[in-house]
Amino acid sequence: MAMTPAQINADLAKAFRCYASKQRRAGLVLGNRLAVLRQEAALAHLDPRDFEQMARAQMDITDARMRSDVATFHPVAAVAGEAS
């Protein structure tokens with residue numbers, strides 16, 4: 001039996017809530033790891049600017065990979081690709 005529009009809407013809301021929750025948790029984990037690594041860098045007498053440069057380089061690499069993944073695998077992107 002096909003889902004009703006109300007059921008589809010409820011499932012969409014649940015899916016996006018789950019997505020937002022996982023993103024929030026991932027951000028907390030990343031923030032905690034960066035805080036620990038910043039402390040380790042200070043203990044290693046690494047210049048804070050060098051740490052920031054290393055972190056920014058890794059962030060740029062990760063950001064590019066995530067953008068590529070979203071363009072390829074994100075369900076909304078797949079639907080848009082199928083529609084055209």
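These exercises, with worked solutions, concern the pocket, a surface patch and the salt bridges of a predicted model.

**Exercise 1.** Find which helix supplies the largest share of the lining of the largest pocket.

*Solution.*
1. The largest pocket has a volume of about 590 Å³.
2. Its lining counts 17 residues, and L30, L34, A55, M59 and T62 lie nearest the centre.
3. Helix 1 (5-43) and helix 2 (48-73) each give at least two residues to this lining.
4. The largest share, 10 residues, comes from helix 2.
5. By type, the lining residues divide into nine nonpolar, four polar and four charged.

**Exercise 2.** Decide whether L12, a member of a nonpolar surface patch, is buried, partly exposed or exposed.

*Solution.*
1. M3, I8, L12, F16 and Y19 make a nonpolar surface patch of about 500 Å².
2. L12 lies in helix 1.
3. Buried means under 20% relative accessible area and exposed means over 50%.
4. L12 has 44% relative accessibility, so L12 counts as partly exposed.

**Exercise 3.** List the salt bridges of the structure and place their partners.

*Solution.*
1. The structure holds three salt bridges.
2. One joins the side chains of R38 and E52 at 2.8 Å, N to O. This pair links distant parts of the chain, with R38 in helix 1 and E52 in helix 2, 14 residues apart. R38 is partly exposed at 43%, and E52 is partly exposed at 36%.
3. Another joins R49 and D47 at 2.9 Å, N to O. R49 is exposed at 64%, whereas D47 is partly exposed at 27%.
4. D63 and R67 also meet, at 3.0 Å, N to O. They are four residues apart in helix 2, so about one helical turn separates them. D63 is partly exposed at 33%, whereas R67 is exposed at 58%.

Definitions and conventions. Residues are numbered from 1 along each chain as its sequence is written. This is a predicted model: local features need pLDDT of at least 70, side-chain atom pairs count only at pLDDT 80 or more; totals for chains, interfaces and linings use all residues. Side-chain values use heavy atoms; hydrogens and water are left out. On a 1 Å grid over the protein atoms alone, a cavity is a set of points where a 1.4 Å probe fits but cannot get out, and a pocket is an open set with protein on both sides within 12 Å along at least five of seven lines; lining residues have an atom within 4 Å of a point. Grid points are joined across faces, edges and corners, and a volume is the space filled by probe spheres set on the points. Ala, Val, Leu, Ile, Met, Phe, Trp, Tyr, Cys and Pro count as nonpolar, Asp, Glu, Lys and Arg as charged, and the others, Gly among them, as polar. Patches are made of residues with over 30% relative accessible area and no salt bridge: like charges are joined within 9 Å, nonpolar side chains (Val, Leu, Ile, Met, Phe, Trp, Tyr) within 5 Å. Accessible areas come from the Shrake-Rupley method with a 1.4 Å probe; for residues, only the protein chains shown count as cover. A salt bridge is a side-chain nitrogen of Lys or Arg within 4 Å of a carboxyl oxygen of Asp or Glu. Buried means under 20% relative accessible area, exposed over 50%, partly exposed in between (1.4 Å probe, protein chains only).
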